[in-house]
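Here is a short briefing to read alongside the model.

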Amino acid sequence: MTALMMILGIVVFAAGLLFSIAWHELGHLSTAKLFGIRVPQYMVGFGPTVFSRKKGDTEYGVKAIPLGGYIRMIGMFPPGDDGRITARSTSPWRGMIEDARSAAYEELQPGDETRMFYTRKPWKRVIVMFAGPFMNLVLAIGLFLTVLMGFGISQQTTSVSSVSPCVIAQSQNRDACKPSDPASPAAAAGMKPGDRIVSFAGERTDDWDTLSDLIRVSAGKDVAIVVDRKGQELTLHAKIATNMVAKKDSSGAYVQGQYVKAGFLGFSAATGVVKQDFGDSVSWMTDRVGEAVDSLTALPGKIPALWNAAFDGAPREPDSPMGVVGAARVGGEIFTLDIPASQQLALAVMLVAGFNLSLFLFNMLPLLPLDGGHIAGALWEALRRNTAKVLRRPDPGPFDVAKLMPVAYVVAGIFICFTVLVLIADVVNPVKIS
């Protein structure tokens, strides 16, 4: 049964991956057609074509390797300085430029002179290239909201899971009490597992973050705590102790290995699945975007640890970069966890949502061959042309993005090497969630 559930999880993630790719390319396709650009191909996957059908002037199809997708637009790059495709040069860098330019014209047909990508105004080209990543962002937001508001997420609540018998500094990392340890305020007040804290010092506590912050700022104070115990509200009195507790960052998350002096009540909060309202969902997603941006900028610094995990048997860090194979494995593990089926599905949807958020951020990098590179080229062209217009200088014409293809090949080569490294690490030393 475990193996079957693992396979089911992988299939669910693969289906989500394929849909995400198709959804991304649909953004490019729809806006390109909106602006009259001819699109000969819309493909999901790479390699040999499994299925295709031509409708209008576009061939729609699925390829054998589900690791990406593309649409092909004619005239992605402007012609050479003489208005024609330049003859093949012996220079390898010049050859890259000319190969890219030739590929952009290989399916040019009579009447296509006005349907080429480069002939569109820069703002239209920006929309076409931004539409793909934007579709991933829209999908990520939709999936996140579905889980947060529909299923709920596991988080700490105001219910009591256990009561600590004594005051132990969290920095000491021990559970057993010593005779010299004072009794915890929660134990002295008569708090019991199963109690739900309704209010603290006269303030209503509907969520854990509010309660935690109130406790932290109440060191040394005598406070009244109202708890719901089996349907009856009781008022307990406790003098909040001062203790070394885990530090929180600006978003309310605990900072690993850092501690501060603050108020301490002495109980563990129970964990439960809690549905979020729209405001809380937006706040949660904003935090995730910030974390994703931080992870993306920190990516180069994680390569040495990734190399050691792949080839030297070093432990794989929980926040280590993960590729499609690793994500599919995690998707499989989700369906083997001992949690309700609804939460298994919610976690799987979260995984696909996170994948789409990563796709959006990664594709917005201003580097060719990514969408962000084409956006940067269009914006640079607009700046050049508008500057020339203001200064009453001749129109410099379209910016030739093809001249950046040597850089694009270098960037693509780096991405390929990184992808192979991640793939090896995902196979020999995968990230595990259980």
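In this predicted model, helix 7 spans residues 303–311, and its buried residues are Leu306, Ala309 and Ala310. Because these residues cover an arc of only 95° around the axis, they sit on the same side of helix 7. As background, an α-helix has 3.6 residues a turn, so residues three or four places apart point the same way.

**Around helix 7**
- Helix 11 is included in what covers the buried residues of helix 7.
- Gly313 follows helix 7 and has a positive phi, near 75°.

**Nonpolar cores**
- The largest nonpolar core has 54 residues, of which Phe13, Met73, Val128 and Phe144 touch the most other members.
- Elements that each supply at least two residues of this core include helix 1 (2–34), strand 1 (41–55), helix 3 (122–151) and helix 11 (405–428).
- Helix 9 gives the largest share of this core, eleven residues.
- Another core, of 19 residues, lies apart from it, with Ile197, Leu214, Ile215 and Leu265 among its members.
- Beyond its neighbours within four places in sequence, Val128 is in contact with His28, Thr31, Ala32, Phe35, Ile37, Met73 and Phe117.

**Annotated segments**
- The unreviewed UniProt entry places the feature "transmembrane region" at residues 126–151, 345–365 and 407–428.
- Residues 126–151 are 100% helix and 0% strand, with the end C-alpha atoms 36 Å apart.
- For residues 345–365 the figures are 90% helix and 0% strand, and the end C-alpha atoms are 31 Å apart.

Note on methods:
Residues are numbered from 1 along each chain as its sequence is written. This is a predicted model: local features need pLDDT of at least 70, side-chain atom pairs count only at pLDDT 80 or more; totals for chains, interfaces and linings use all residues. Side-chain values use heavy atoms; hydrogens and water are left out. UniProt positions are given in the numbering used here, feature names are shortened, and annotations may be inferred rather than shown by experiment. Helices (H or I, at least four residues) and strands (E, at least two) are DSSP runs, numbered from the N terminus. A nonpolar core is a set of buried Ala, Val, Leu, Ile, Met, Phe, Trp, Tyr and Cys residues joined through side-chain atoms within 4.5 Å. Buried means under 20% relative accessible area, exposed over 50%, partly exposed in between (1.4 Å probe, protein chains only). Contact means heavy atoms within 4.5 Å. The arc is that of the directions from the helix axis to the C-beta atoms.
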